[in-house]
Amino acid sequence: MKHTELSTKKDLANYLRCDLLFLEKAIEDDYFIRNIDTFNQEDVLLASLTSLNNNIISVDQFKLRKKGHNGGFRTVHKIWTLQLKNSLKILNNHLIQIFTPLDIVHGFVKGKNIRSNAECHLAKKLVLSVDIKDYFETITEKMVEEALISIGYNENIALWIAKIVTIDNHLVQGFCTSPTLANIVTNQLDKELKKLCGKKITYTRYADDLYFSSNTEEIPLESIKLTIEKHNFLLNDKKTKFMKRGQKQYVTGLTIFDSYIPRISKKEKKIFA
């Protein structure tokens, strides 16, 4: 059955190849969530045993240290209940087939990566890098629901899916559906930023990292910021950087001074040497 033809919970259960009772429980957001600091063998054993209970949908929540000099932690979720894990994989496969991001999107897209993103900005006179603050956590259940409706899902189906893929009313890191759904939610923003940039400013996005570059035009940071805020996102001002030709220019961690290929920085080479 096509995603546009789904209308009932039974349809959705068949679409996700899961039990109807399980689906109803997941829609109610009735997840058993444990907050833990780090994984150890006892945690793994307890979570595994809990996941065997058909009446419990088990998810662990823990913190991982972020890479980079700014430090800090990000909250990650690990699913233990096999039925939820499988249903989300099936859903994600459907979403990938239904939705194709704009060509400016390089994060969570098959065949694209940090290198393809950086290649778009080689040897430019001016590069602007901005970061969306708390990207996944800002994307609410309602935003997911509206995005799913925009690609053809029935309103009820969109609402039920949005409830399954969110925790505490937002997308979470660790669910395989979150990156794909984030791209769908951000699609309209991508369209508006691409239009704002026109032909003389290059715009690309890798997840929550947005890059703008030009050889001839000033890059309108304030207009970019207002457009992003219009879509309920905020910039992390501490990570906003203008990089001029002749200075260090980085895009998704790669240097772009070379007009041929992006390169790993000398600093990174020393780390892995």
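1. The second largest pocket holds about 300 Å³ of space. Here a pocket is an open set of points on a 1 Å grid over the protein atoms alone, with protein on both sides within 12 Å along at least five of seven lines, and lining residues have an atom within 4 Å of a point. The volume is the space filled by probe spheres set on the points, which are joined across faces, edges and corners; the probe is 1.4 Å.

2. Before you go further, note that this is a predicted model: local features need pLDDT of at least 70, side-chain atom pairs count only at pLDDT 80 or more, and totals for chains, interfaces and linings use all residues. Residues are numbered from 1 along each chain as its sequence is written, and side-chain values use heavy atoms, with hydrogens and water left out.

3. Who lines this pocket? Of its 15 lining residues, Ala147, Ser150, Ile184, Val185 and Gln188 are the closest to the centre. Helix H7 (141–150) gives the largest share, four residues, while helix H9 (177–185) and H10 each supply at least two. Helices (H or I, at least four residues) and strands (E, at least two) are DSSP runs, numbered from the N terminus.

4. Now the sheet: four strands, ordered E7-E8-E4-E9, form an open, antiparallel arrangement. Two strands pair if DSSP finds at least two bridges between them. At the edges sit E7 (202–206) and E9 (241–244), each pairing on one side only.

5. E4 (residues 126–131) and E9 share four bridges in the antiparallel sense; leucine 126 has lysine 244 of E9 as its bridge partner.
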